[in-house]
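Hi there,

Here is the structure I promised to pass on. My notes on what turned up in it follow below.

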Amino acid sequence: MKKISSRAISVFLIAALVITGMCYFVKEDYLHGRKWAMYFSMFNPEAEGELLDRNGVMLAAFNREARVYAKDWPTRVANYHVTGDYVGMTGTGLLTHFWGSASDYDFLHGIKNEKSGSLSLGIDAETNNYAYQLLSQYGKGTVMMMNYRTGEVICLVSSPSVDPAYPVEEPEDGSYVNRALTATYTPGSTFKLITSAAALENVPDLENMTFHCYGELDIAGVKITCMEAHGTQTFEQALANSCNCAFAKITYMNVGQRLMVQYVTDYGFLNGHTIDGIYTSAGNYPTEFVGDPELAWSGIGQSTDQVCPFSMLRYVAAIANGGLLAEPTFLKGGSGEKTTPLLNPATAVRLQELMRNNVTSHYEEEVDFSGLPFCAKTGTAETGAGTSHSWFTGFLQDEDHPYAFVAVIEEGGFGLWAAGLMVNDIFQHMLETGTA
Ligand SMILES: [Zn+2]
């Protein structure tokens with residue numbers, strides 16, 4: 001009996017040891033599994049070539065003996081979320097994406113099958129350097145710009161970032177996240193551009209209606225507020241004032257949840273997308289019945305609304321291009337004939353005018369755009385923690401500079417005063433240096 005029980009204890013101890021060991025490995029796998037998993041998507045060891053920006057600036061160069069990055073630190077850090085690295089620490093980097101060992105990208109010239117050759121991007125490394133320097137002064141966030149006629153992405157930065165040539169053991173939290181493609185944020189008032197489209201197409205006589213704002217609106221005991229009482233406004237003025245009371249009413253009284261869900265879905269805000277085969281994040285909007293107060297909040301970009309910056313960029317790019325989305329691409333020269341009809345052309349044209357009016361009637365009074373023909377919408381998205389994400393999105397109505405943009409500064413405060421100033425600064429810099 002004694003023998004049996006001591007044997008039982010031994011078996012128990014061995015079992016305990018095995019379970020402890022397993023727990024250790026499960027924990028290690030949990031903590032470092034991402035890194036382990038990434039090694040499977042490693043850069044192809046056979047690859048030879050280089051990754052260049054639109055002006056031929058080397059962002060990365062590689063052969064069987066050596067793998068290097070851009071020579072200077074600012075270029076490596078600012079362009080990290082475009083290039084990625086040779087080990088695949090960020091899932092969206094072009095190095096592992098285009099020269100990954102598992103796939104053939106035969107639509108690319110030069111690296112078909114043999115995995116070698118140069119790849120020229122539409123990205124302007126110098127603009128990225130400038131944009132990253134500005135953005136990182138504000139803190140965390142992202143800026144992305146594309147040519148809305150060709151689909152060519154010319155700028156993408158995400159902060160914080162890392163230097164891929166000298167990776168540190170513990171980088172700042174979220175450094176490997178490409179915030180333009182894989183983050184989602186409460187959109188705040190930028191979402192009124194979507195509510196506007198639904199209203200323009202479904203509310204008869206919308207533009208002859210007036211909306212009175214007392215500064216606050218009570219919906220079944222829930223208070224919707226504005227920064228000030230906007231008084232009597234047309235629809236156009238309500239958008240320029242970014243009047244929460246007017247858009248709350250329009251959402252729950254005139255448009256309704258079924259149509260809101262339909263438009264949010266049709267414009268691609270609920271699903272993820274791809275850019276050159278790289279996956280972007282899906283967003284969120286209340287699709288189940290929520291009742292009037294919550295529905296009203298959702299129409300002004302609060303509630304459980306979540307938007308990926310990339311989804312917002314493709315929406316405003318399609319507005320700028322008359323309703324037709326030129327598919328975004330990192331490749332120099334753009335996506336050619338690859339287009340997707342996203343909005344009704346008449347709606348797109350009216351939204352262009354409304355976004356231009358936002359700028360001429362309001363934003364220009366506060367920011368010196370130095371003659372740049374911005375069409376835009378600001379967003380000051382409440383985070384629920386007493387802070388706000390600063391959004392600025394839109395485009396330049398200028399055939400010489402046909403660029404659409406989206407910018408988010410996390411906890412950056414008012415849309416115009418953080419993201420708006422930053423985007424203007426980047427464009428002014430591009431014009432001064434002739435990079436655009
Ligand atoms: Zn108001």
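**Around Phe330 and beyond**

Leaving aside neighbours within four places in sequence, Phe330 is in contact (heavy atoms within 4.5 Å) with Leu94, Ser120, Leu121, Gly122, Ile123, Val153, Leu156, Leu181, Ile275, Asp276 and Ile278. Before you read on: this is a predicted model, where local features need pLDDT of at least 70 and side-chain atom pairs count only at pLDDT 80 or more, while totals for chains, interfaces and linings use all residues. Residues are numbered from 1 along each chain as its sequence is written, and side-chain values use heavy atoms, with hydrogens and water left out.

Phe330, Met144 and Tyr315 have the most contacts inside the largest nonpolar core, which has 91 residues. Such a core is a set of buried Ala, Val, Leu, Ile, Met, Phe, Trp, Tyr and Cys residues joined through side-chain atoms within 4.5 Å; buried means under 20% relative accessible area, exposed over 50%, partly exposed in between (1.4 Å probe, protein chains only). Helix H12 (residues 309-320) gives this core its largest share, 9 residues. Helices (H or I, at least four residues) and strands (E, at least two) are DSSP runs, numbered from the N terminus. Another core, of 33 residues, lies apart from it and includes Tyr132, Val143, Ala407 and Val423.

Glu46 counts as partly exposed because its relative accessibility is 44%. Arg64 is 18 residues from Glu46 in sequence, yet their C-alpha atoms are 6.1 Å apart in space.

Best wishes
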